Structure formats: structure tokens, C-alpha cells
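Good morning, and thank you for joining. I would like to take you through one structure, beginning with a term that we shall need.

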Amino acid sequence: MKPFAYLRATETSTAIEAANSQTKFIAGGTNLLDLMKEGVEQPDRLIDITRIQLAQIQPTANGVRIGALAKNSDTANHPTIRTRYPLLSQALLAGASPQLRNMASVGGNLLQRTCCYYFTNNTMPCNKRQPGSGCAAIEGYNRIHAILGTSNNCIATHPSDMCVALAALDAVVRVSGAKGDRAIPFSEFHRLPGDTPQIETALQPGELITAVDLPNSPFAEKSHYLKVRDRASYAFAVVSVAAALDISNGTIRNARIALGGVAHKPWRAVEAEKILVGAKPNEQTFRAAAEAALRGAKGYKDNTFKVELAKRAIVRSLTIATAGTAT
Ligand SMILES: Cc1cc2nc3c(=O)[nH]c(=O)nc-3n(C[C@H](O)[C@H](O)[C@H](O)COP(=O)(O)OP(=O)(O)OC[C@H]3O[C@@H](n4cnc5c(N)ncnc54)[C@H](O)[C@@H]3O)c2cc1C
Ligand code: SF4
């Protein structure tokens with residue numbers, strides 16, 4: 001493991017002043033430390049941000065603000081999140097294990113790196129780890145890889161469950177850096193791989209995530225996070241669906257669908273949402289939405305099954321959401 005300096009910041013300003021492109025903030029450390037041990041991440045300096053007062057979850061005039069250092073378990077179990085944003089609560093509780101959720105932060109979850117096996121295998125080519133070296137997954141074993149928004153340079157997926165719910169709930173990521181504060185709409189926060197798979201987000205070097213804002217939501221009563229995985233616990237999603245409906249007088253007034261395990265970023269299925277709005281909530285409508293969501297999907301050698309799996313997961317998730325959010 002490469003030697004690094006360690007600095008503990010107690011204020012946002014101190015953390016930002018100490019940050020540059022060779023530094024890394026450390027929150028729960030559940031992703032970063034593994035990657036440092038594997039030599040994938042090699043910061044010169046770690047800036048410990050866990051003492052900064054950024055763990056509050058507070059109602060705002062337009063919704064709720066979740067501090068970047070709020071633990072995944074605290075966020076999932078917070079009364080405001082459970083009652084007003086149960087989709088987020090469900091997604092968080094589907095992730096990792098209780099021990100990991102007790103350490104993992106909201107900011108760190110947003111920035112966790114892919115679980116592509118070749119990314120952490122230093123003997124294999126990987127454009128994300130070493131730009132220009134190639135992508136071992138495209139011709140290799142790619143069962144867990146992406147089917148939407150891929151490029152010839154990378155077919156990795158974003159592994160987060162929490163982020164799929166945040167995509168569906170129109171979250172906004174608040175960041176601070178040397179040039180000031182910014183608010184980044186969730187759909188613009190994570191990037192598709194294109195020619196630069198090593199650039200994963202809209203965050204500039206040295207910028208600190210301070211909070212995630214959620215707008216008021218009409219979806220609390222009818223939403224569902226469905227995670228299809230190889231084990232019941234402690235496994236990343238093969239495919240996941242965050243589905244949320246606002247139904248009035250038997251007609252869908254508003255709808256959100258986001259997918260996990262299928263793309264380099266949490267994938268918002270906007271075309272599917274258009275089909276749902278104004279329609280009756282039944283299997284025919286849901287299947288049409290699922291077809292629209294997966295239009296343009298491209299399977300690889302080992303993951304073509306994900307296309308139909310994702311469609312079925314969408315139908316199932318919408319069906320469960322229609323019946324009412326499980327509490
Ligand atoms: C065995 C295992 C299974 C897992 N399973 C799942 C799963 O099923 N679903 C799921 O969603 N996740 C899963 N995870 C991932 C886990 O959720 C993440 O590791 C965790 O959310 C990262 O949060 P952290 O606070 O520990 O981040 P850290 O490891 O501290 O940091 C991660 C990255 O974020 C950066 N960072 C952290 N906070 C900030 C900030 N405020 N501003 C700017 N940069 C920041 C760090 O510099 C680093 O680059 C799993 C992890 C493990 C180890
Ligand atoms: S899919 Fe992306 S992360 Fe995986 S080997 Fe290819 S370039 Fe690397």
C-alpha cells in the first residue's frame with residue numbers, strides 16, 4: 001500500500017482548503033480502504049471528514065436535506081425518511097449488510113466505485129483504472145455488467161442501491177469547493193462511460209459533497225424498491241428497480257422508474273414514465289413501460305438475460321407499488 005499523509009478536518013472549509021487532485025476524503029472508509037489496499041486508489045493524503053457536522057437529516061421548506069455524513073443505517077431508519085421517502089429507506093436497507101450500513105455514509109455511497117472484477121484486478125486491462133489500457137470485461141466474463149449506456153471503453157455498472165432511489169426521487173447533490181457551492185441535479189451527477197470511464201461524476205477535484213436534498217414527494221404511498229441479487233444479503237444488485245406511482249381515481253398521475261445494475265449510472269427510465277402517466281395501472285401498461293425502458297439495451301456474452309430480467313422486475317415492482325408501499 002502506498003504511504004499517505006493523514007489529516008483530520010473538523011470544518012468543511014478546512015477540508016476543502018486541504019484538498020487537491022491527489023487527496024481523498026475519507027468517510028466510512030468501507031469502499032476507499034479496500035481500494036487503497038488493492039492499489040486501485042493511491043491518494044497522497046487522506047482527509048478524514050467524519051468530525052465535520054454534516055450528519056443531520058432535517059426537513060426544509062421544499063422537502064428534506066440529508067447531510068453527506070449521515071450513516072446509511074441512520075438515514076434508512078430516520079422517521080422522516082421512513083414516512084415521506086420509504087423508497088429510499090427500502091433501497092438503503094437492501095444494500096450491503098447492517099455492519100456496513102452502520103459505517104457507510106450518504107456521500108461515500110454516491111461515490112462508491114464499480115464492482116467490476118477487472119477494475120480491482122491489477123493484472124488485467126481496465127480503462128477505468130488505467131485509461132487507455134483496454135477493457136477486459138467486454139470480451140471477458142461480463143455477467144454483472146451493463147446493458148444500457150455502455151461504450152466500447154467500459155461496460156461497468158454503478159453498484160449503489162441508494163442512488164437508484166435518489167434518481168427516482170429527483171434528488172439534488174449539494175457540493176462545496178474552492179470555487180464555492182454548487183447544486184447538481186441527480187441525473188447530472190453520475191456520468192456514462194463514453195471515452196473517459198475514469199471520470200465518473202460531475203464532481204471537480206477537491207469538491208466535497210455536503211448534502212443531498214430531496215424535494216417533497218407525492219410517492220410515499222405507492223412505491224417499491226425491488227432488488228434482484230444472487231444472495232438474499234450482502235450482494236450487489238444484478239438488476240434493481242425503484243418504482244413510484246401517484247395514482248388518483250384509477251389513473252396514474254405521475255410516475256418514476258429508475259434502474260440499478262444495468263448502467264454506469266443509476267438509470268432513469270424517462271420513456272417508461274411517459275407511458276405510465278395518464279394510463280391505468282395494470283399489467284399491460286406496466287409491460288409497455290418495461291419495453292420502453294429497455295429499448296436500446298445491448299446484452300454482452302454473459303448478461304443478455306438482464307434485458308428480460310429488468311423488464312420483469314419493472315412489471316413486478318410497479319405491481320407491488322400499486323398495491324401500496326409496504327411499511
Ligand atoms: C462487502 C460489501 C458489500 C456491499 N454491498 C452493497 C450493496 O449491496 N449496495 C450498495 O449500495 N452498496 C454496497 N456496498 C458499498 C457501500 O455502500 C459503500 O462502500 C459505502 O456506501 C461507501 O460509503 P463510505 O462512507 O464508507 O465511503 P468511503 O469508503 O469513505 O468513500 C468512498 C468514496 O467517496 C469519497 N467520499 C466520501 N465522502 C465524501 C464526501 N462527503 N465528499 C466527497 N467525497 C467523499 C471518498 O473519497 C471515496 O472516494 C458494499 C460494500 C462492501 C464492502
Ligand atoms: S468494464 Fe470498465 S471497470 Fe470493468 S474492466 Fe472494463 S473499463 Fe474496467
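This is a predicted model: local features need pLDDT of at least 70, side-chain atom pairs count only at pLDDT 80 or more; totals for chains, interfaces and linings use all residues.

A polar atom of the N127 side chain lies 2.7 Å from the backbone nitrogen of G134. The side chain of N127 also reaches the backbone nitrogen of S133, at 3.2 Å. Is N127 buried or exposed? Its relative accessible area is 8%, and buried means under 20%, so N127 is buried.

I turn now to ligand 1. How many residues surround it? There are 32, and the closest are F25, G29, T30, S105 and D161. By class, this shell has 16 nonpolar, 12 polar and four charged residues. Three elements each supply at least two residues of the shell: β2 (23-26), α7 (106-110) and β8 (208-215).

Backbone atoms of the protein also come into polar contact with the ligand. An oxygen atom of ligand 1 is 2.8 Å from a polar backbone atom of L32. For G28, the distance from a polar backbone atom to an oxygen atom of ligand 1 is 2.9 Å. A backbone N or O atom of A96 likewise lies 2.9 Å from an oxygen atom of the ligand. On its own, ligand 1 has 970 Å² of accessible area, and the protein covers 93% of that.

Next, the empty spaces. Rolling a probe the size of a water molecule over the atoms shows where empty space is left. The count comes to one cavity of 30 Å³ or more. The largest cavity holds about 90 Å³ of space. Of the 17 residues that line it, C116, C126, C135, C154 and A156 lie nearest its centre. The lining of this cavity has 11 nonpolar residues, five polar residues and one charged residue.

Helix α5, residues 86-93, is mostly covered, with seven of its eight residues buried. Which residues of α5 are buried? They are P86, L87, L88, S89, Q90, A91 and L92.

Q99 sits in helix α6, which spans residues 98-103. Its relative accessibility is 59%, and exposed means over 50%, so Q99 counts as exposed. Q99 and S73 are 26 residues apart in sequence, and their C-alpha atoms are 9.0 Å apart in space.

A242 belongs to strand β10, residues 237-248. With a relative accessible area of 0%, A242 is buried. From A242 to H145 the separation is 97 residues in sequence and 19 Å in space, C-alpha to C-alpha.

To close, I return to the residue with which we began: N127 is buried, and its side chain reaches the backbone nitrogen of S133 as well as that of G134. Thank you for your attention.

Key:
Residues are numbered from 1 along each chain as its sequence is written. Chains are lettered from A and ligands numbered from 1 in the order in which they are written. Side-chain values use heavy atoms; hydrogens and water are left out. A residue is near a molecule or strand if one of its heavy atoms lies within 4 Å of it. A polar contact is a pair of N or O atoms within 3.5 Å; within protein, one must be able to donate a hydrogen and the other to accept it, and residues adjacent in sequence count only if both atoms are side-chain atoms. Accessible areas come from the Shrake-Rupley method with a 1.4 Å probe; for residues, only the protein chains shown count as cover. Helices (H or I, at least four residues) and strands (E, at least two) are DSSP runs, numbered from the N terminus. Ala, Val, Leu, Ile, Met, Phe, Trp, Tyr, Cys and Pro count as nonpolar, Asp, Glu, Lys and Arg as charged, and the others, Gly among them, as polar. Buried means under 20% relative accessible area, exposed over 50%, partly exposed in between (1.4 Å probe, protein chains only). On a 1 Å grid over the protein atoms alone, a cavity is a set of points where a 1.4 Å probe fits but cannot get out, and a pocket is an open set with protein on both sides within 12 Å along at least five of seven lines; lining residues have an atom within 4 Å of a point. Grid points are joined across faces, edges and corners, and a volume is the space filled by probe spheres set on the points.
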